[in-house]
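This report looks at how two parts of one protein chain meet. Please have the sequence and the model at hand while reading.

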Amino acid sequence: MSIPFNKPYITGKEVHFIYDAVSTGHISGNGKYTKLCQAYFQEKLGVKKALLTTSCTDALEMCALLLDIKPGDEVIVPSYTFVSTALAFVRQGAKIVFADSRSDHPGIDEQSLEALITSKTKAIVPVHYAGVACDMDIIMSIANKHNIFVVEDAAQAIDSFYTGKDGVTRALGSIGHLSAFSFHETKNIQCGEGGFLGINDDRFVARAEVIWEKGTNRAEFFRGEINKYGWVDTGSSFLPSEITAAFLWAQLEALEHIQSKRKAIWKTYYTNLKPLEAKGVLKLSKIPEFASRNGHMFYVLCKDLEERTALIKHLKLNSISAVFHYLALNKSEYYLENHQIFTLPNTDRYEATLLRLPLFCDLNVEDVEQVSQLIINFYNA
Ligand SMILES: *Cc1c(COP(=O)(O)O)cnc(C)c1O
């Protein structure tokens, strides 16, 4: 039997809620299920305001509009991330300044940020890679000192937390001025394509609703706060239909189940492969003491590119699909056309050596054991 890298989880209740949404006769956005999902994020994650979007990419584009990013502005982004983290700001004309990853974790190197800031820097976009928090105390204090906004790319970070120096534990996405989550089918909670914008700074709430609704004040109108609505700002159609929201609601109801399964799989891999790390043949992910883990991803770090290629082949011969990502954005074709060269040694290392193992809610224990054993055999050979 082959083991795929990912299999999107379906709770079985999605069609029930979609049926309910359809039977109301109104399936455009901002209806009953959209409001249920948004209220859930506000209550459970402590974001001040949540707006469902059709993707995390869209939520990031809303951030670029809200921050009035213009040509000439600079935005600091890690290079080891998905394209959207940078693209949303590039579309508004920003110059992307790439930061390196930490030596012990693919997340942004907080210590490198200060040197990248100029008078043109508008925002920093930390990515909570694999759902593991960046050091938000450091990032927020640098941002506050220089009057810069922080947008958390929390695409992988649902149900994950950061404990600050004050001892308070906060959900990722509730700390920066703005945040963006993804419900793409490769994420822990999914609706095919989807996401939400988290707003933690009151100054952005009213305008975000306008940008979300094609530049109109329709949301205010529907609340009865004004007696007609019109075109008042820039924007787009960022809100998903009720069909998507109804699907997402079924997933949110099952969040605890999904998360306990994913975290257990992560733990089993970790326990099984720890002896290999102790022997010094591979490295596992390091979770800093201020961060939690949410079972989004399990990865190993091989010695070099050749070893990783051989390990992928070894697993593939046994019908197991393990994949790598990302190609460093600072070296991508699109970016290099107009921009400067960055030297990012940690990014280069993760690009060449990081390998992700199968991890999804329905993956059974025997399969996790089999994948682990094959990796152990590979290194013992
Ligand atoms: C998945 C992902 C995105 C994009 O999410 P979409 O919902 O597909 O737009 C952005 N950033 C990171 C770090 C991601 O993992």
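Which side chains meet in a salt bridge with 3.0 Å from N to O? In this predicted model, the side chains of Asp104 and Lys286 form that salt bridge, with 3.0 Å between N and O. Across the interface of domain 1 and domain 2, two salt bridges are found by the rule, and 27 residue pairs are counted in polar contact between these domains, with both residues of a pair at pLDDT 80 or more.

The protein chain is divided by its domain assignment into domain 1, residues 14-253, and domain 2, residues 255-380. The centres of the two domains, taken over C-alpha atoms, are separated by 26 Å.

The size of an interface is often given as the accessible area lost when the parts come together. Here domain 1 and domain 2 bury about 3,400 Å² between them, and 56% of this area lies on carbon and sulfur atoms. Of the area that domain 1 buries against domain 2, Tyr80, Phe98 and Asn188 supply 21%, which is more than any other three residues.

In terms of residues, 43 from domain 1 are in contact with 35 from domain 2. The residues on the side of domain 1 that touches domain 2 divide by class as follows.

| Class | Residues on the side of domain 1 that touches domain 2 |
|---|---|
| Nonpolar | 23 residues |
| Polar | 12 residues |

Conventions:
Residues are numbered from 1 along each chain as its sequence is written. This is a predicted model: local features need pLDDT of at least 70, side-chain atom pairs count only at pLDDT 80 or more; totals for chains, interfaces and linings use all residues. Side-chain values use heavy atoms; hydrogens and water are left out. Domain bounds come from an automatic or database domain assignment. Contact means heavy atoms within 4.5 Å. Buried area is the accessible area (1.4 Å probe) that two parts lose on being put together, summed over both. A salt bridge is a side-chain nitrogen of Lys or Arg within 4 Å of a carboxyl oxygen of Asp or Glu. A polar contact is a pair of N or O atoms within 3.5 Å; within protein, one must be able to donate a hydrogen and the other to accept it, and residues adjacent in sequence count only if both atoms are side-chain atoms. Ala, Val, Leu, Ile, Met, Phe, Trp, Tyr, Cys and Pro count as nonpolar, Asp, Glu, Lys and Arg as charged, and the others, Gly among them, as polar.
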